[in-house]
Amino acid sequence: MATDQPCYTVIFESSAEYPSAAELRTALEKGSDDVKLEALRKIVVSTINGNPQPSLMMPIIQFVMPSRNKQLKKLLHFYWEVCPKYDENGKLKQEMILVVNAIRNDLQHPNEYIRGATLRFLQKIANESELLEPLIPTCRACLEHRHSYVRKNAVFALFSIYREFENLIPDASELMSTFLAAETDSTCKRNAFIFLAHCDLPKAVDWVLSNHENIPTLDEGLQMSVIEVVRLDCKNDSTHRARYIRLIFELLNVSSHAVKYEAATTLTLLTQNPAAVKASASTLISLIIKESDNNVKLIVLDRLEALRAKHEHILDGLIMDVLQILGNSDMDVRRKAMNIVLSMTSSRNVEEVALFLKKQLLRTQEKAAEFDKASEYRQLLIQSIHVTAIKFSEVAASVVLALMEFLGDSTSSSSTSTALDVIAFIREVVDKFPHLRSGIFDRLVANLSDIKSGKVFRGVLWILGEFVGIQESYASASEAAEAIRQCVEGIRTCIGEIPIYVESAQEENVTEEKTLPKEAGAGKPKLLADGTYATETAYTAAGSSGLRNEKTRPPLRTLILGGDFFTGTVLAVTLTKLVLRFDGLSSEQADSNTLRAQAMLIMTSIIRVGHAKSSPALGAPLVQIDEDSTERIMNCIQTLSELSGGAKVDTDDEEAIVKEIFLRDTKKAFQRMISAQEKRAAEKREAETLRKTSAVQVDDLLSFRQFSKKGADQELDYDEDLGRATGATDVREDFISNLSRISQLTGFSDPIYVETYVKMHGFDIMLDVLLVNQTANTLQNLCLDFATLGDLKIVERPSVYTIAPHGFQSIKATIKVSSTETGVIFGSILWEGPNMSEACVILNDIHIDIMDYIKPAYCNEAQFRSMWTEFEWENRVNVNSSVSDPREYLKHVMKSTNMSCLTPEGALSGDCDFLSANMYARSLFGEDALANLSIERTEAGTVTGHIRIRSKTQGIALSLGDRITMAQKDSKPLSA
């Protein structure tokens with residue numbers, strides 16, 4: 001008797017329409033083949049669901065088994081597979097003798113389909129030795145059948161029987177060797193070879209060696225089986241390793257992609273010879289380029305990355321081949337390939353890599369329609385060039401000027417992100433390579449008129465204000481001063497005529513203009529609103545008439561008139577830095593005063609635009625300047641107005657402090673930011689290194705196979721992988737951790753005490769429910785019924801149980817989770833008590849903690865802003881906590897929500913009563929969760945503010961908000 005019952009899928013059957021046993025018997029006796037087919041189907045479903053109906057076995061044998069209908073025979077095989085074959089004493093039922101006789105007849109049937117289907121059925125009942133023993137001679141006879149369909153199924157039927165009961169086929173190896181020698185069909189040979197490798201590996205090895213020359217021309221399935229035998233034999237330090245290596249080399253050139261992949265993987269396990277490693281890598285690269293399935297490409301890329309990590313510099317010569325993968329249209333494939341390229345780049349091939357990336361970049365610009373997701377690909381290329389140029393300074397000069405072509409591309413948000421990546425690259429190049437500054441500055445000033453985005457303008461202006469005129473970048477002080485003068489001229493050109501707010505001044509004096517003759521208004525000076533005089537030019541006259549085309553307006557002027565006063569503030573700070581630096585370089589006081597006057601006039605014009613009472617530009621909305629921008633620009637104006645220029649000695653100390661703030665402190669802040677980024681990157685690399693290097697404790701068991709297999713990339717034995725896949729190597733939680741997950745579902749005074757252990761396992765929730773009968777009565781037909789609220793789905797429903805007085809019953813239930821949303825599991829228990837009376841107990845609710853499915857994650861600022869704009873669900877949570885330190889509250893929220901802080905540590909440092917930080921997390925289901933924390937410390941010592949949570953779906957936003965609200969009730973936050 002088989003001790004392990006097979007597990008089948010539970011199929012729903014409606015009790016309302018299910019026929020009785022008598023009706024089924026009648027259908028089997030008197031019905032047509034279609035009626036018998038439907039009746040037998042219902043019997044099979046009922047048997048699978050736990051109602052075997054043994055009384056119907058004999059009618060099935062009498063009236064269904066003799067039928068020649070092939071569908072009935074196939075369904076009959078399903079019935080013999082699931083029906084009870086043993087009686088209560090564990091002995092084979094007498095009726096099964098008739099079944100065995102019918103199966104033997106089918107194995108001798110002249111129709112090859114019936115023979116093959118019956119042989120496939122024997123594989124399903126391979127653990128029933130009493131049934132199979134009389135059938136062995138007939139199965140062996142099927143090996144000589146004329147049709148290959150019968151022979152291949154006969155081989156696997158015998159294989160299945162041999163795996164369970166070797167004594168039934170004692171001469172299996174000789175049988176398969178003889179069969180292999182005479183067989184011509186490829187599938188039959190593959191099946192027989194697998195059987196032979198399992199029962200007698202040395203004979204399978206002899207067959208491989210004797211057919212060495214023909215293996216590359218064999219069928220794909222047989223070649224895969226040969227590779228598997230090679231792996232198995234090499235586990236034992238085979239003496240045929242050299243011949244195997246030659247064989248695998250030949251299999252690298254076959255047409256099948258699956259065989260190529262397995263051969264390339266096996267070759268690196270057999271040897272670490274550089275030629276073999278290169279051949280394996282070349283095969284993998286060829287597979288990536290030729291394979292059409294992107295999922296396969298990603299899998300092979302992972303294998304290529306693992307090979308590169310193991311043999312770092314051996315594969316550097318193949319970098320140009322890897323670059324060809326970038327021609328794929330899928331961005332995931334491109335990113336993974338680019339990561340491999342960057343890790344393979346060295347000083348010997350960096351010139352070729354940079355040239356290829358530049359060509360790809362130009363192609364995305366010239367032939368954007370041919371590239372799928374051209375802007376995203378362009379951004380990836382720019383980021384890669386950035387990393388390459390910073391790592392290898394010899395290519396920085398050749399790529400930085402080419403990238404400046406993309407500063408003016410702001411047709412979409414992705415184009416703006418691309419331009420911002422270029423700005424970040426230029427900023428780092430200017431900081432690290434002073435000898436490139438002059439050429440970069442000239443190109444930046446020349447490209448100012450092409451820039452349309454305010455974000456890009458702010459980045460360019462910061463670079464110009466921070467680095468132009470630094471004396472160490474120029475041969476003399478006069479050259480540095482001239483560079484500053486040219487820079488200011490370029491900025492002035494991008495603004496246009498000054499004052500900027502000429503149009504509104506004319507509108508205020510429109511009544512006066514109407515009284516003047518037309519000839520008088522052409523060139524006479526006019527009084528402006530600020531008390532100054534200006535001559536009306538053709539440019540301003542065209543603007544006052546409202547006929548100016550916005551496309552001809554200078555870009556920086558357009559931004560300021562459109563209300564982008566943040567850019568105006570950055571412009572003011574940039575001009576202040578340039579004037580202060582020019583003042584220290586130039587000996588001509590007149591030149592310094594002229595430059596200072598121009599800068600102050602531009603700043604006052606910006607403020608004038610911000611205080612306009614009507615729209616300063618045709619069709620533009622009226623935007624008032626904010627207080628912060630006004631204060632910042634006024635500080636710049638005051639700084640320049642109090643610049644002594646060497647006239648007053650007692651103000652030198654104050655000027656030195658001001659220059660220190662403007663010219664050096666901002667540079668120090670930038671260096672701190674760069675240092676923080678480099679520190680985070682170094683920590684990430686160190687973490688990856690530690691993760692790859694497994695720590696070995698002094699009391700760990702030694703695996704002697706490791707000593708003999710030092711040269712292998714990985715174990716040839718897949719037992720460890722199998723154990724990891726089945727969860728056998730999972731870390732076991734301790735007893736205290738298990739106790740924390742126990743939920744009490746009923747009270748101690750209820751007739752049944754119920755508690756459950758809630759275990760999160762991947763995307764499933766496992767409920768291990770313990771029921772205790774606290775009464776002196778037997779509880780019959782006890783049913784535990786669960787229901788869910790949220791994106792939870794019950795996989796299987798528990799059966800009906802009977803619990804003895806004061807007895808125990810353990811029930812397991814599985815619930816599938818499909819999204820990160822707060823879920824609730826509730827239910828009840830029904831049973832029959834004394835006198836068939838029904839009783840019921842309602843269970844307490846089980847609230848699923850979504851924190852088990854949310855993990856900290858990281859993204860850059862551009863990705864965060866893009867997702868923040870895209871996501872439509874927002875949950876705003878008000879903060880009112882007794883915690884006195886804003887940073888302590890931030891740590892408390894991060895620990896409560898499993899979110900990571902994206903705001904750099906340098907931005908959070910310092911003593912301030914206000915704190916703003918961005919947080920990010922990702923769920924196991926790929927859902928992104930964004931949060932922005934804005935809090936301040938009040939005079940009473942408490943923290944107030946709000947947290948805005950955004951996500952693509954409503955569930956995760958609401959769940960995180962509830963989590964923060966619950967954590968906020970605790971006045972003593974958890975320490976990080």
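Colleague: In strand S9 of this predicted model, which residue is the bridge partner of Lys793?

Modeller: The model is a predicted one, and in it strand S7, residues 792-794, pairs with S9 in the antiparallel sense over 3 bridges. Lys793 lies in that pairing, and its bridge partner in S9 is Lys816.

Colleague: Strand S5 also pairs with S9; over how many bridges does this pairing run, and which residue in S9 does Val769 stand opposite?

Modeller: Strand S5, residues 764-773, and strand S9, residues 808-817, pair in the antiparallel sense, and the pairing extends over 9 bridges. Within S9, the residue that stands opposite Val769 is Ile811.

Colleague: How many helices and strands does the chain have, and what percentage of its residues is buried?

Modeller: The secondary structure comes to 41 helices and 18 strands. Among contacts between residues at least 6 apart in sequence, 66% join residues at least 24 apart, while the chain exposes about 50,100 Å², of which carbon and sulfur atoms supply 51%. Of the 976 residues in the chain, the buried ones make up 46%.

Colleague: Why can the buried residues of helix H14 be said to line one face of the helix, and which helices are included in what covers them?

Modeller: The buried residues of H14, which spans residues 241-251, are Tyr244, Ile245, Leu247, Ile248 and Leu251. Seen down the axis of H14, these buried residues fall within an arc of 165 degrees, so they line one face of the helix. What covers them includes helix H12 (201-210), helix H13 (220-234) and helix H15 (257-270).

Colleague: Where does Thr271 lie, and at what distance does its side chain reach the backbone nitrogen of Asn273?

Modeller: Thr271 lies in the loop between H15 and helix H16 (274-290), and it is buried, with a relative accessible area of 17%. Not counting residues up to four places away in sequence, Thr271 touches Ala276 and Ile245, the latter being one of the buried residues of H14. The side chain of Thr271 reaches the backbone nitrogen of Asn273 at 3.1 Å.

Colleague: Is Lys189 buried or exposed, and what separates its C-alpha atom from that of Lys152?

Modeller: Lys189 has its place in helix H11, residues 186-199, and its relative accessible area of 16% makes it buried. Leaving aside neighbours within four places in sequence, Lys189 is in contact with Leu180, Glu183, Thr184, Trp207 and Leu222. Lys152 is 37 residues away from Lys189 along the chain, yet their C-alpha atoms are separated by 8.1 Å.

Colleague: Which cysteine has the sulfur nearest to that of Cys487, and how far away is it?

Modeller: A search of the whole structure finds 0 disulfides, and Cys487 is accordingly in none. Cys487 is buried, with a relative accessible area of 2%, and Cys859 is also buried, with a value of 16%. For Cys487, the nearest cysteine sulfur is 10.0 Å away and belongs to Cys494.

Colleague: What arc do the buried residues of helix H38 cover around the axis, and which strands are included in what covers them?

Modeller: The buried residues of H38, which runs over residues 861-870, are Phe864, Met867 and Trp868. They cover an arc of only 105 degrees around the axis, which puts them on the same side of H38. What covers these residues includes strand S16 (914-923), strand S17 (928-937) and strand S18 (943-951).

Terms used
Residues numbered from 1 in each chain as written. Predicted model: local features only at pLDDT ≥ 70, side-chain atom pairs only at ≥ 80, totals over all residues. Heavy atoms only, no water. Buried < 20%, exposed > 50% of the residue type's maximum accessible area, 1.4 Å probe, protein only. Helix = DSSP H or I, 4+ residues; strand = E, 2+ residues; numbered from the N terminus. Arc of directions from axis to C-beta. Contact = heavy atoms within 4.5 Å. Areas by Shrake-Rupley, 256 points an atom, 1.4 Å probe, with all protein chains shown as cover. Disulfide = S-S within 2.5 Å. Pairing = 2+ DSSP bridges. Polar contact = N/O pair within 3.5 Å; in protein donor to acceptor, adjacent residues only side chain to side chain.
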